[in-house]
Amino acid sequence: MSGGDAVTEALAGLDARSWAPLLRALRGIGAPSAELATALEPPTSALASGPARRALCAVVADDPATVALLRADTSLPAAVHAALAVGSAPDTAGSDAGSDRDDEDDEWDAAHEGTGMSDRAPERARALRRTLEEERRRREGAEARADAAEARAAAAAEAAEEAAARTVTLEAALADAEESVRQAAARAERRAEARIATLEAALATARSEAESQRIEHERTRAELAALRTELDDLRARGARSSRHAAVTAAGGPGSRPLVVPAGLVPDTTEAARWLADHASLLLLDGYNIVLTLHPGRPLEEQRRWLVDRVRPLVVGDGARPVVVFDGAGVSGRMRDTGGVEVRFTAGGASADDEIVFMVAATDEPVLVVTDDVELQARVRADGGDVVGTVHLLGIVGA
């Protein structure tokens with residue numbers, strides 16, 4: 001069996017306690033040969049036994065540089081060193097002799113010194129040289145591993161310094177970026193606050209202007225409505241004056257009472273409508289009318305109903321309507337009458353008295369609407385015209 005085969009068998013036969021540190025030492029070699037790197041590729045479980053382990057042992061046995069590094073590794077078990085020395089005959093002989101044989105050789109050489117019997121001196125010198133060479137290789141291997149470790153440490157230190165420098169640079173850049181972002185956010189916030197303040201001021205100004213315009217618009221509308229009402233009243237009065245002058249000029253018996261044309265039947269709706277068209281003033285006995293035409297409702301609703309019925313006469317060419325209510329228990333005036341004059345009596349006076357007073361206070365034709373017989377007689381005695389409440393809806397066209 002060759003030396004390489006013997007080393008292969010010896011390494012393959014190592015127990016687990018010796019094989020594990022040998023495998024770690026092989027994987028720790030800094031620059032293994034291509035064959036050794038390939039043999040170390042299988043996982044540890046595959047290299048524990050079987051063909052992969054034997055192939056690895058064969059590569060190691062055939063690689064003198066690897067064997068030298070392993071022999072120089074004093075941390076490996078004695079069994080590993082013994083397996084590596086199996087292929088060397090001189091080493092084997094020396095190993096077979098053992099330490100006891102060396103002692104005996106020393107004693108024998110000392111006893112036979114000067115007698116020419118030291119024939120084994122050359123062999124011992126060779127053994128010493130081999131031992132010295134092994135120690136030298138071990139030292140060189142240790143120095144190589146130390147150099148590699150120092151190189152790795154230096155590289156790691158340099159990488160750490162570079163990483164620290166990059167960290168410092170990145171931290172500075174991050175600080176600059178954060179400051180830039182903070183300043184930009186502050187500027188944006190100030191601009192936004194200024195813009196909001198400007199918009200709020202503009203909004204307040206616009207609201208103030210809008211309110212002023214609204215008030216002015218309402219005032220203008222009120223003035224326009226008042227002017228229209230006044231114009232309509234003037235037009236109605238002018239029309240009534242024209243009709244009264246026409247009736248007087250036609251040779252009628254004075255301005256009142258009015259004389260119904262011969263073609264109209266007295267006490268009819270047609271006659272009542274003609275009287276309302278030619279009278280200057282239309283007086284309505286308020287409660288007498290609503291209690292007849294719209295009974296059974298609250299008084300306020302009755303008053304509103306009557307004013308709403310009469311309102312169309314305000315803009316017409318007929319008599320100016322005035323509604324008179326007894327004022328007992330009523331405070332204030334009605335609102336939103338649409339131009340209809342509404343009167344509430346005061347001081348204990350009745351609506352009848354107020355109507356008679358208004359008839360006597362004018363020379364223009366006056367038409368009174370009431371079913372009160374006594375009031376009708378008093379009105380006729382003062383030259384006024386009278387129609388019953390039944391004709392009111394015909395007069396207003398309802």
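This is a short walk through one predicted model, from the whole chain down to single residues.

Some ground rules. The model is predicted, so local features need pLDDT of at least 70 and side-chain atom pairs count only at pLDDT 80 or more, while totals for chains, interfaces and linings use all residues. Residues are numbered from 1 along each chain as its sequence is written, and side-chain values use heavy atoms, with hydrogens and water left out.

The whole chain, then. It has 15 helices and five strands. Those are DSSP runs, numbered from the N terminus: helices are H or I with at least four residues, strands are E with at least two. There are 398 residues, and 29% of them are buried. Buried means under 20% relative accessible area, exposed over 50%, partly exposed in between, with a 1.4 Å probe and protein chains only. Now contacts, meaning heavy atoms within 4.5 Å. Take those between residues at least 6 apart in sequence: 60% join residues at least 24 apart.

On to Thr8. Thr8 sits in helix H1, residues 3–12. Is Thr8 buried or exposed? Buried, because its relative accessibility is 8%. Beyond its neighbours within four places in sequence, Thr8 contacts Arg54, Cys57, Ala58 and Ala61.

Next, Asp267. Look in the loop between helix H9 (121–249) and helix H10 (269–278). Asp267 has a relative accessible area of 64%, so it counts as exposed. Its phi is near 60 degrees, a positive value in a residue other than glycine.

Now strand E1, residues 281–285, which holds Leu284. Leu284 has 0% relative accessibility, so it is buried. What does Leu284 touch, not counting residues up to four places away in sequence? Ile289, Leu306, Val310, Pro321, Val322, Val323, Val324, Ile355, Val369 and Leu392. Leu306 is 22 residues along the chain from Leu284, and their C-alpha atoms are separated by 9.5 Å.

Two packed helices are described by the angle and the distance between their axes. Helix H13 is residues 351–360, and helix H14 is residues 373–381. Their axes come within 9 Å and cross at roughly 15 degrees. Axes here are lines fitted to C-alpha atoms over the stretch in contact, with angles from 0 to 180 degrees between N-to-C directions. H13 and H14 are therefore roughly parallel; that label covers angles under 35 degrees. From H13, Asp352, Asp353, Ile355, Val356 and Val359 meet Leu375, Arg378 and Val379 of H14.

Definitions and conventions: Parallel < 35°, antiparallel > 145°, perpendicular 65-115°, else oblique.
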